[in-house]
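These are my notes from going through one model. I looked up charges, surface patches, backbone angles and a few helices.

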Amino acid sequence: SKKTTTSIYSTVDPSVVTKKEYQDICGVDFDDRALTDRLKKTAYLYPKHVEVIEDFEPLVNKMVDDILLETGEKAWQPQDYLPDLAADDWLQQTKDLREAAEGVPDEVFVVLVGDMVTEEALPTYQTLLNTFEGCDDPIGTTDSAWARWSRGWTSEENRHGDLLNKYLYLSGKTDMRAIEVTIQHLITSGFNPGARKDPYRGFLYTSFQERATKISHGNVGKVAKEYGAKDLQRICAKIAGDEGRHEKAYQSFCTEILKRDPDGLLMEFGDMMRGQIVMPAELMTDGKDAQLYENFSAVAQRLGVYTAIDYAEIIQHLVDHWKLGDLTGLSPEAEKEQEYICRLPQRYKKLAERSMNKKKDDEVELQSFSWIFDRKA
């Protein structure tokens with residue numbers, strides 16, 4: 001018999017279940033346009049948190065317009081900061097880049113590679129962003145403010161890994177295959193920031209992490225400039241600028257949550273800080289060095305690119321930015337978390353200073369990195 005063509009045929013046989021019967025059972029139409037509505041019928045794990053973030057969706061629309069740059073010609077692109085291989089003087093441009101890179105020590109390149117590998121795991125981060133309840137993009141082209149933010153943020157972040165990857169390739173100082181293996185391993189391994197699908201926890205994490213990446217990229221650029229690599233300094237500064245804008249957006253989201261549910265955000269913040277903030281690349285491996293992330297982090301710490309002091313100062317920045325110490329009218333449980341969080345930066349700073357002073361006294365054991373052809377750093 002001839003098949004009936006309808007919007008529901010691919011899943012529901014209309015000769016058995018009519019569209020009206022499906023509506024009566026599920027409460028919504030069964031077609032692509034109604035997918036978002038159907039998902040809203042599903043119970044959330046954090047219904048109050050979803051209600052809160054939906055309440056300030058107009059602000060998110062403003063963030064998309066004011067924080068995210070326009071795409072296309074008005075947005076910067078990686079090629080703006082790299083030799084133009086289609087130009088008549090492409091060879092000289094490339095030689096200039098390589099000569100500048102030659103003076104940069106291996107330690108700086110190890111940190112630059114680690115930062116680039118972290119950026120290249122962007123598919124994992126967008127996947128996680130879409131797990132935050134109420135902030136997802138269920139059909140891939142959802143026109144909600146949160147879905148537009150997710151896609152816009154991803155499109156901007158995508159430039160970072162592209163630019164650093166091409167710079168490293170043109171520099172000739174790194175083993176690109178070893179780096180590519182590391183990237184593939186990291187994306188395969190995934191990453192769990194402890195957000196648990198909760199938008200509060202998700203935005204607390206991104207508020208911290210965007211600032212951390214801004215600091216790291218900015219400091220790599222400063223060190224590169226000291227060794228004469230002004231082109232690398234420009235690259236790192238541009239990427240750090242993006243991270244700074246994104247940091248402001250995520251911190252603004254948390255500010256709005258605090259206006260509506262201070263108890264809820266403080267409870268989640270305190271819980272997250274007891275477990276510490278997990279770094280996105282902690283599962284990185286090149287297939288050879290099981291301690292690759294720890295070794296990379298140790299180099300970054302010695303260079304002063306990203307240290308335990310920075311970790312403590314980021315917490316202090318968030319406490320000050322959100323004026324957490326000034327919050328009143330809290331529940332007894334939230335007041336305890338408020339006190340814990342506000343005391344945390346100084347506690348961490350003391351521990352960090354003690355740890356860093358001890359490491360200065362210890363003899364540094366250099367490690368070989370496949371990223372730099374097994375040279376030690």
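This is a predicted model: local features need pLDDT of at least 70, side-chain atom pairs count only at pLDDT 80 or more; totals for chains, interfaces and linings use all residues.

Entry 1, Glu99. I began with Glu99, which is exposed at a relative accessible area of 56%. I use buried for under 20% relative accessible area, exposed for over 50% and partly exposed for what lies in between, with a 1.4 Å probe and protein chains only. The areas come from the Shrake-Rupley method with a 1.4 Å probe, and for residues only the protein chains shown count as cover. Glu99 sits in helix α5, residues 90-102. Helices here are DSSP runs of H or I with at least four residues, strands are runs of E with at least two, and both are numbered from the N terminus.

Residues are numbered from 1 along each chain as its sequence is written, and side-chain values use heavy atoms, with hydrogens and water left out.

Which residues gather with Glu99 in a patch of negative charge? I found Asp84, Asp88, Asp89 and Asp96 there on the surface. A patch takes residues with over 30% relative accessible area and no salt bridge; like charges are joined within 9 Å, and nonpolar side chains (Val, Leu, Ile, Met, Phe, Trp, Tyr) within 5 Å. Asp and Glu count as negative, Lys and Arg as positive, and His and the chain ends are not counted. I placed each charge at NZ of Lys, CZ of Arg, CG of Asp or CD of Glu. I also noted a nonpolar surface patch of about 300 Å², made by Leu85, Trp90 and Leu91. Leu91 belongs to helix α5 and is partly exposed, with a relative accessible area of 42%.

I checked the length of α6, residues 106-120: its 15 residues reach 21 Å from first C-alpha to last, close to the 21 Å expected at 1.5 Å a residue. The expected span is 1.5 Å times one less than the number of residues. Is α6 enclosed or open to the surface? I count it as largely enclosed by the rest of the structure, because 14 of its 15 residues are buried.

How many salt bridges does the structure hold? I have 20, each being a side-chain nitrogen of Lys or Arg within 4 Å of a carboxyl oxygen of Asp or Glu. Lys62 pairs with Asp66, the closest N and O atoms being 2.8 Å apart. Both residues are in helix α4 (residues 57-66), and they are separated by about one helical turn because they stand four residues apart.

I then looked at Arg148 and Asp65, whose side chains meet in a salt bridge at 3.7 Å, N to O. This pair links distant parts of the chain, with Arg148 in helix α8 (residues 145-171) and Asp65 in helix α4, 83 residues apart. Arg148 is partly exposed at 24%, whereas Asp65 is exposed at 54%.

I also recorded a network of salt bridges linking Asp55, Glu256, Lys259 and Arg260.

Arg196 has a phi near 60°, a positive value in a residue other than glycine. I located Arg196 in the loop between α9 (176-189) and α10 (199-226). The side chain of Arg196 meets that of Asp271 in a salt bridge (3.5 Å, N to O). The two lie 75 residues apart, Asp271 being in helix α12 (residues 262-275). Arg196 is exposed at 52%, and Asp271 is partly exposed at 33%.

Lys323 also has a positive phi in a residue other than glycine, near 50°. I found Lys323 in the loop between α14 (308-321) and α15 (332-361), where it counts as exposed at 53%.

I ended with Ser171 in helix α8, buried at a relative accessible area of 2%.
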